[in-house]
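The sequence and structure come first.

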Amino acid sequence: MKKLLWWCAWSTYEEDFKDQLKKMGELCEDEDASFAKDLLHYPPQSWCRAYFDTQCKNMMVDNNFTESFNAWILEARYMPIIKMLEEIIIKVMNLLAINEDKIRKWNGDYNPSALMLYNDYRAIAHYCKVEFNGDFGYEITQGDDRHTLDLEHKKCTCRLWQLSGIRCPHAIKAIIYDRGDPKEQIHWYYSKEA
């Protein structure tokens, strides 16, 4: 059951989300028929990637930021306000210095995690089939799913590209089909410069 819930949350487009809900509902008939219905009492816009805004290029689907931040500033929280803010500033400056040092050690121009995701997407692209539909458009088939891709506007109906800023398997397949370099346009967000 946990796995189906995870797939629901990680669905990137509405059709996949509904398919995952249906699977969960069928499984729940034997166990607890109300599980899927109870889940929908919470708006999917707050927990499913299929409904997330694509402005932020973050693949995370958790929401423990407040808890993490409060734990990180635990000692400073009990200080007078000015002292607390000074302590937080020092913590942030130290964190930035540590992160800058890590980034200087990257082998390429992009975040290693982003490159790993790109390589995973490239492996998946190998199994996709591509059909050119004019101008910058493509129809990409991946197993039973079919996605429409618009290279000019950097959009795919799977929404992975828009959500992550890393070309989805469908975009990679189309670029390879056009004999281009699919690694070329990883979002600036993942660069050393950023």
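Arginine 104 is exposed, at 60% relative accessibility (exposed means over 50% relative accessible area, buried under 20%, partly exposed in between; 1.4 Å probe, protein chains only). The model is predicted: local features need pLDDT of at least 70, side-chain atom pairs count only at pLDDT 80 or more, and totals for chains, interfaces and linings use all residues. Residues are numbered from 1 along each chain as its sequence is written, and side-chain values use heavy atoms, with hydrogens and water left out.

**Salt bridges in the whole structure**
- The search of the whole structure gives 5 salt bridges, each defined as a side-chain nitrogen of Lys or Arg within 4 Å of a carboxyl oxygen of Asp or Glu.

**Arginine 104 and glutamate 100**
- Arginine 104 pairs with glutamate 100 in a salt bridge, with 2.4 Å between the closest N and O atoms.
- The two residues are 4 apart in helix α5, so about one helical turn separates them; helices are DSSP runs (H or I, at least four residues), numbered from the N terminus.
- Glutamate 100 is partly exposed, at 42% relative accessibility.

**Lysine 83 and glutamate 87**
- A salt bridge joins lysine 83 to glutamate 87, the closest N and O atoms being 3.5 Å apart.
- Both sit in helix α5 (residues 81-104), 4 residues apart, and therefore about one helical turn from each other.
- Lysine 83 is partly exposed at 38%, and glutamate 87 is partly exposed at 25%.

**Aspartate 101 and lysine 105**
- Aspartate 101 and lysine 105 form a salt bridge through their side chains, at 3.5 Å from N to O.
- Aspartate 101 is partly exposed at 41%, whereas lysine 105 is exposed at 60%.
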